[in-house]
Amino acid sequence: QELSRSIATLMRNGLAGSVSEAADIVTAGFQKGLDVSGDWLDTVNEYSTQARKFGLDAGEYMTLLSQGLKGGARDTDKVADSLKEFALRPVDGSKTTREGFEALGLSADDMSARFAAGGDSAKVGLAAVFDAIKRVDDPMQQALIWQRLFGTQFEDMGTAVNQFDLTPAKNEFTDLQ
């Protein structure tokens, strides 16, 4: 039942075009270590819509989950939940979020528009944030920026967020079929 729901969720959110593709995605997640605490299917069901909001394909989304795990996150649920929190912040118009973007040298208005548009625009914004944070040399400043952009989820993720990288060379899930 949970597997069927996961397959339907992947298809509904545009991460898979068929039952076969969705099954391949689920299988790849199991085979490549995304089920560290028995939460892989739950993560697929609860958070796949976040990948859609960011304009990510299944491989890119799974790569971010894997990168978070490799960085020390407890499980895919925590990684996906932190990405969900970040999906909310760029469009919240808050002073805190604005300060986070500006500390990275990014226009808060531009980033807000990118994330609100979703799709490829949001993916470009997400990659820009991941790239910009790596250029911050001071670990304390970096942590303050992450807290502004990820809120309380930064407490759970810690420095695992520094592993996020959307460059094609870092994509661990390019062959899902």
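Along the sequence, the chain of this predicted model follows the pattern α-α-α-α-α-α-α-α-α-α. Its secondary structure comprises ten helices and zero strands, where helices (H or I, at least four residues) and strands (E, at least two) are DSSP runs numbered from the N terminus. The radius of gyration is 16 Å, close to the 16 Å that the globule rule gives for 177 residues, so the chain is as compact as a globular protein of that length; the radius is taken over C-alpha atoms, and the rule is 2.2 Å times the number of residues to the power 0.38.

**Basis of the values**

- Residues are numbered from 1 along each chain as its sequence is written, and side-chain values use heavy atoms, with hydrogens and water left out.
- Local features need pLDDT of at least 70 and side-chain atom pairs count only at pLDDT 80 or more, whereas totals for chains, interfaces and linings use all residues.

**Overall dimensions and packing**

- The C-alpha atoms fill a box of roughly 45 × 30 × 30 Å along the principal axes.
- Of the 177 residues, 47% count as buried (under 20% relative accessible area, with a 1.4 Å probe and protein chains only).
- Among contacts (heavy atoms within 4.5 Å) with a separation of 6 or more, 66% join residues 24 or more positions apart.

**Nonpolar core**

- The largest nonpolar core has 52 residues; such a core is a set of buried Ala, Val, Leu, Ile, Met, Phe, Trp, Tyr and Cys residues joined through side-chain atoms within 4.5 Å.
- Phe86, Phe101, Leu104, Leu126, Val129 and Phe164 have the most contacts inside this core.

- Phe154 lies in helix 10 (residues 153-157) and counts as buried, because its relative accessibility is 15%.
- Leaving aside neighbours within four places in sequence, Phe154 is in contact with Ala143, Trp146, Gln147 and Val161.
- Phe154 and Ala51 are 103 residues apart in sequence and 19 Å apart in space, C-alpha to C-alpha.

- The largest cavity holds about 50 Å³ of space, a volume being the space filled by probe spheres set on grid points joined across faces, edges and corners.
- Leu10, Leu15, Ile25, Trp40, Val44, Ser48, Ala58, Tyr61 and Met62 line the largest cavity, and helix 3 (40-54) and helix 4 (58-70) are the elements that give two or more residues to this lining.

Note on methods: 1 Å grid on protein atoms, 1.4 Å probe; cavity = no way out; pocket = protein on both sides within 12 Å on 5 of 7 lines; lining within 4 Å. Buried < 20%, exposed > 50% of the residue type's maximum accessible area, 1.4 Å probe, protein only.
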